[in-house]
Amino acid sequence: MKKLFTLICSAAIIAGCSDSDDEAKKYITVDFEDVPASLLAVDEQGSNFYSGYGDGQYTEYTDTKSGLKFGINPDNGQYDFWNGGIGFSSLNTDRTIDWTNQCTVDYTDPATGYGGYNGSKVFGVVFSAYDPLADSPYGEPTALSFPAGVENIIDHLWVANSAYVALTIENGNSFARKLTYEQEDYFYVTITGYSAAGTGTGSVNYCLADFRTPDAPGISKGWNKVDLSTLGAVNRIEFTFGGSDVDHQGYGLNTPKYVCIDNIAIKR
């Protein structure tokens, strides 16, 4: 049943294309370059995103320009990235096909050597433990949000594959199979908006890998712009994932559920 949803699978727009001065006047852009270095992933697996790390553990961050809040999903009072969440990283060189490489983006800017959009250094890493394809979904969807009662239009953001996801799609691993044109595979992120009252305002799908037709682009490369203006004014947006490599015993999606994000543009 691969055709029952609409996926946006536009050509990659590689980092290196900057927003115009006019756009800068129209938007508040959350680019994560102001995130304190102490909150960034200390290594590729994000050891400081887990409660066992002790002092200096990252749990949440609020952008002062926009009020957007990011963080690790709590469970029984503890903050561990395996429950899902949004962390921050500047890592882009590890090519390990394993969750220990979960904080590495699959991109290196040719001019700066950094991995963020437009040659920047810092980007967000979204992980969702919640799986709507599982028989018994675990936890809550990963989200970013404005303060209670506040709504804004998020015009767009930029997304890129994590290295762990891209390498898994290319090669497969002990949990997920390689995605291929022969099996008409696909993997996508769904971004859903919610009003301050908790009402859904719509969803946007973006294809992170598309092998459904012979001329499909395969794995999404570089940084790509995702239009979220159709969601209207939102208090929060949630990230969930879908794809063709699904466990038939009810455990849900096998492809790792990550996406990297950057330069969130909020209408003034």
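Tutor: Buried means under 20% relative accessible area, exposed means over 50%, and partly exposed is in between (1.4 Å probe, protein chains only). This is a predicted model, where local features need pLDDT of at least 70, side-chain atom pairs count only at pLDDT 80 or more, and totals for chains, interfaces and linings use all residues. Residues are numbered from 1 along each chain as its sequence is written, and side-chain values use heavy atoms, with hydrogens and water left out.

Student: Okay. Are lysine 257 and aspartate 131 buried or exposed?

Tutor: Both lysine 257 and aspartate 131 are buried. Their side chains form a salt bridge, 3.9 Å from N to O. That term means a side-chain nitrogen of Lys or Arg within 4 Å of a carboxyl oxygen of Asp or Glu.

Student: Where do lysine 257 and aspartate 131 lie?

Tutor: Lysine 257 is in the loop between β17 (252-253) and β18 (258-267), and aspartate 131 is in the loop between β7 (123-127) and β8 (142-145), so the pair ties together parts 126 residues apart in sequence. Helices (H or I, at least four residues) and strands (E, at least two) are DSSP runs, numbered from the N terminus.

Student: How many salt bridges does the rule give?

Tutor: The count comes to eight. One of them joins aspartate 210 and arginine 212, at 2.9 Å from N to O. Aspartate 210 is buried, at 6% relative accessible area. Arginine 212 is buried too, at 16%.

Student: What about arginine 236, which salt bridge is it in?

Tutor: Arginine 236 meets glutamate 238 in a salt bridge, 3.1 Å from N to O. Arginine 236 counts as partly exposed, at 24% relative accessibility. Glutamate 238 counts as buried, at 11%. Elsewhere, salt bridges with shared partners join Arg177, Asp185 and Asp245 into one network.

Student: Which ring does arginine 236 lie over?

Tutor: Arginine 236 lies over the face of tyrosine 194, 4.2 Å from the ring centre. A charge sits over a ring if NZ of Lys or CZ of Arg is within 6 Å of the ring centre and within 35 degrees of the ring normal.

Student: New topic, rings. How many aromatic pairs are there?

Tutor: The structure holds 16. One of them is tyrosine 50 with tryptophan 82, a tilted pair with 5.2 Å centre to centre and 45 degrees between the planes. Rings of Phe, Tyr and Trp (its six-membered ring) pair if their centres lie within 6.5 Å; planes under 30 degrees apart are stacked, over 60 edge-to-face, and the rest tilted.

Student: And how covered are tyrosine 50 and tryptophan 82?

Tutor: Tyrosine 50 counts as buried, at 11% relative accessibility. Tryptophan 82 counts as exposed, at 54%.

Student: Now helix α2. How many of its residues are buried?

Tutor: Seven of the nine residues in α2 (163-171) are buried. Among them are Tyr164, Leu167 and Ile169.

Student: What do the buried residues of α2 pack against?

Tutor: They pack against β10, β11, β12 (218-219) and β18. Just after α2, glycine 172 takes a positive phi of about 75 degrees.

Student: Last one, serine 195. Where is it, and what is it in contact with?

Tutor: Serine 195 is in the loop between β10 (186-194) and β11 (200-210). Leaving aside neighbours within four places in sequence, serine 195 is in contact (heavy atoms within 4.5 Å) with Glu151, Thr201 and Asn235. Serine 195 counts as buried, at 11% relative accessibility.
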